[in-house]
Structure formats: C-alpha cells, structure tokens
Amino acid sequence: MHAFQYRGNELYCEQVPVKTIADNIGTPLYLYSRATLVRHFTVFDQAFASIPHLTCYSVKANSNLSILRLLGNLGAGVDVVSGGEIYRAVLAGISPAKIVYSGVGKTREEIRYALTSGILQFNVESEQELEAISSVAKSLGIQAPVALRVNPDVDPKTHPYIATGLKKNKFGIACNAALGLYARAARDPHLRITGIACHIGSQITEITPFVDALERIVAFAAQLKSMHNITVHYLDIGGGLGITYANETPPHPEQYAAALTDLARQSGCTLILEPGRVIVGNAGILVTRVLYTKRTGEKQFIIVDAAMNDLIRPSLYHAHHELQPVVKRNAPCTVADVVGPICESGDFMAHARSIEAMSPGDLIAIMSAGAYGFSMSSNYNSRPRAAEVLVDDSSYRIIRRRETYEDLVRHEQE
Ligand code: LLP
C-alpha cells in the first residue's frame, strides 16, 4: 500500500499532484509520502507488538534526516554501518541506546565514536574486530556491548550482490568459530555480551529463510548457555523483507511476524529487527523529465534527466522499477530503452520497456525508489544530486535541496 495513486489521468502523492511539485521544484526529484512511511513503520512494528522487540530502521536504505526524525518519533531505533550514520541518527534525535552497529570494517575511530555515543550494541563480524573493540573500550575505561554476527548459512534466494548469510559471503562469523569467540568475550573485562546477530540478505520474498535463520540463532543461544553459561538478551534477526517492485509477492509484515514471534518468545530474548527497504522502498518515487526521444537502428530511446548517478539500482543489479507517466495521455505504448544522460551504456532506468509514447517535457515516475535510491546516489559526471521532497497530505516541503554547481566543488582545492 502506498500513497502514489492516479486521480483521473494525474498521478498524485497523497493530496498533491506530482506534476505540481515537479514543476515547482524541478527534476530529477525524489518524492516521499509521509503517510506511507508512517503506515509502513507502524504496520511493521505493531506486527511484533506481542513480544519484546526493538525495530531498528536500517539507515542505509534512506538516511535523510527528516525521515530518520519521523521514524524516531514513531519509536524506531536504527541499524547503522558507519560513523557517518551514527552522526546522522543522533542528529535526528534517535537515542544512542537504540542504535545497533553492523558492518565488517569498523575503524578504530568509528568504534571510539560509537562507544562514546553509548550505542546499544556492536554487531561484531570478526575476531580481529572484537579485539579492536575491546582495546578501544579499554583505552576509554569502559565496557563495550557486543553481539557476534553469526553466519547462519541460509540461502535467502535473492540477488547474489545482496545475499549475505551464506558461508561464501564476507559477512558474519561461522557458528562454530563464534562459540569460541563468545567464550573469549565473556572473559574480557572490557566486553559485555548483549546478544546474537545475523542478517541473511535483502529483498527476500519468502518466509522460510527468515525462520531458518531465527531457528539457528535460537539454537545457538541455547548452546551458548549450555556450553559456556552465557546468557544473551537480544536476538537481532537483521533486515531483508522484500517489497513489490513488479510482480513479487513478499509476505506481509504480519505474516513475517507471525512466523517469528513464537520462536522469539520461547527464547526469552528481545527481538531486534533491522528493516530498511520494506519501510521506505514504496514510500518514495524518483520523478524525471523526458529530454529527448530518438530512434537509432532498430531501437527506440527515451532520454530522461535522471541517470545512474541518481538511481543506480537498474545498472548495478538489473533491478526493475515500474515506470508510470505522471500525466497519462492514453497514447499508444511503445517499447523503449529509458536512459539517462551519463556517458555509459550502463546508464539506464529500463531496457525494452513497454511504455506510453513520450514527448520531450513529459514526466515519468520511477516507482519504488525510496530505498537505496538517493542514499546510493553520487555526483558522477559532475551531476548535482537531486532534491528530496516530503509530502504530508496536501502540503510538501524540501527535505534536501537540489545540489548546486558550487556544491560540486566545495571541498576541492586548486
Ligand atoms: N541490516 C543489515 C546488517 C544490512 O546489511 C542490511 C542491508 C539491512 C539490515 C537492511 O536490509 P533491507 O531490510 O533493506 O533489505 N543496495 C541494495 C541493498 C543492499 C542491502 C544491504 N544491507 C539494493 O538496492 O537492493
């Protein structure tokens, strides 16, 4: 469910015509619906209401301060993967006591920053990282709260770039090795064991891999207790619940929760969840304007003003995003490649897509772009990054202004 719907021939975001915003703010433009964000977070979080849990929104999906503040006000904690994400989260008013910190390459500076901020838990990904955390905590004269990110070796059946819980991936620690590391951590006066973490991948559209992963970490918690008398308080199951981009039928958050709650309740632990895409993915679109159309050889091209620097998902993962005319003219459909201005053949929004015939000046909505859209954008080809706008019912406001040429060179010196 999202709030980008047609009224007659016009696409609206909540109560505002998308065209009005595009005409006023310009394109390319990221447009988010506040009502959709609130709804997605609330439905997800409420689905776990019957058990102790903390929903830690995954900042990497969309790290805009206004979005973080909105989710924080609804009670969200956050999952971060860098010092920069901690900075953003704290600036947006998220309590550090609700921050979990994942990632295979935390630097000592980032570890120190996280420790002095007072985060809830490090999700530790290797033996050397555990040592680094212990030594930084020692230098600060404090104890670091740690969970080990175990690798449950489950196949999430998703794109290989975003599968993370397989033995062959760089993430986590194999369960056998983790047992010994937990025992070491328990003896270390500068470490305090808080939980067990895992994250098996992203855009997962089946329930079974999540259940398998939780079963494995619950069994692992029992092993820790029986073998080393170690008690954990948090089971962090990561993120990964998929969304509908085209025809996928991912489980509804309530089905997802129903499959996990009994197991989590029996464990006696608090469940931590790290959803990203399912909260913001369908709460945002990228609005782009047609610059030109052209036919070369046997191919029809629609050249738009958004490019792979704005939305890299089609180029990087061959991801599918629906394209919808912002104002339907009910013209006959053509089959076209929708491409951006960047000087690479890999710069495309869609290949061989059937779409209403377009003319220069027409607007296209690139759907489901709220997650890993703006947050993965860059300045490649010296293109200023797009503006971001948040719609709230019948009003809207800029939550990140469009970058200028001066912004492009701001940090450079001659
Ligand atoms: N927790 C951890 C430790 C993660 O690595 C991720 C995503 C999440 C949570 C959130 O996963 P989500 O609920 O959003 O699936 N750029 C890719 C997705 C990369 C996901 C990386 N990790 C894309 O555009 O599809």
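Trainee: How far apart do the C-alpha centres of domain 1 and domain 2 lie?

Mentor: Keep in mind that this is a predicted model. The domain assignment gives domain 1 as 4-32 + 281-408, and domain 2 as 103-273. Between the C-alpha centres of these two domains, the computed separation is 36 Å.

Trainee: What area is buried between domain 1 and domain 2?

Mentor: The size of an interface is often given as the accessible area lost when the parts come together. Here the two domains do touch, with 10 residues of domain 1 in contact with eight residues of domain 2. Carbon and sulfur atoms give 58% of the area buried between domain 1 and domain 2, and that area is about 740 Å².

Trainee: How many residue pairs are in polar contact across the interface of domain 1 and domain 2?

Mentor: On the side of domain 1 that touches domain 2, there are three nonpolar, five polar and two charged residues. Across the interface of domain 1 and domain 2, the rule finds zero salt bridges. For residue pairs in polar contact across that interface, with both residues at pLDDT 80 or more, the number found is one.

Trainee: Which strands stand at the edges of the sheet?

Mentor: The three strands form an open sheet in the order S1-S2-S3, with antiparallel pairing. A strand with a single partner has one side left without a neighbour in the sheet, so the edges are held by S1 (4-7) and S3 (16-17).

Trainee: Which residue in S3 is the bridge partner of Tyr 12?

Mentor: Strand S2, residues 10-13, pairs with S3 in the antiparallel sense over two bridges. In S3, the bridge partner of Tyr 12 is Pro 17.

Conventions
Residues are numbered from 1 along each chain as its sequence is written. This is a predicted model: local features need pLDDT of at least 70, side-chain atom pairs count only at pLDDT 80 or more; totals for chains, interfaces and linings use all residues. Side-chain values use heavy atoms; hydrogens and water are left out. Two strands pair if DSSP finds at least two bridges between them. Helices (H or I, at least four residues) and strands (E, at least two) are DSSP runs, numbered from the N terminus. Domain bounds come from an automatic or database domain assignment. Contact means heavy atoms within 4.5 Å. Buried area is the accessible area (1.4 Å probe) that two parts lose on being put together, summed over both. A salt bridge is a side-chain nitrogen of Lys or Arg within 4 Å of a carboxyl oxygen of Asp or Glu. A polar contact is a pair of N or O atoms within 3.5 Å; within protein, one must be able to donate a hydrogen and the other to accept it, and residues adjacent in sequence count only if both atoms are side-chain atoms. Ala, Val, Leu, Ile, Met, Phe, Trp, Tyr, Cys and Pro count as nonpolar, Asp, Glu, Lys and Arg as charged, and the others, Gly among them, as polar.
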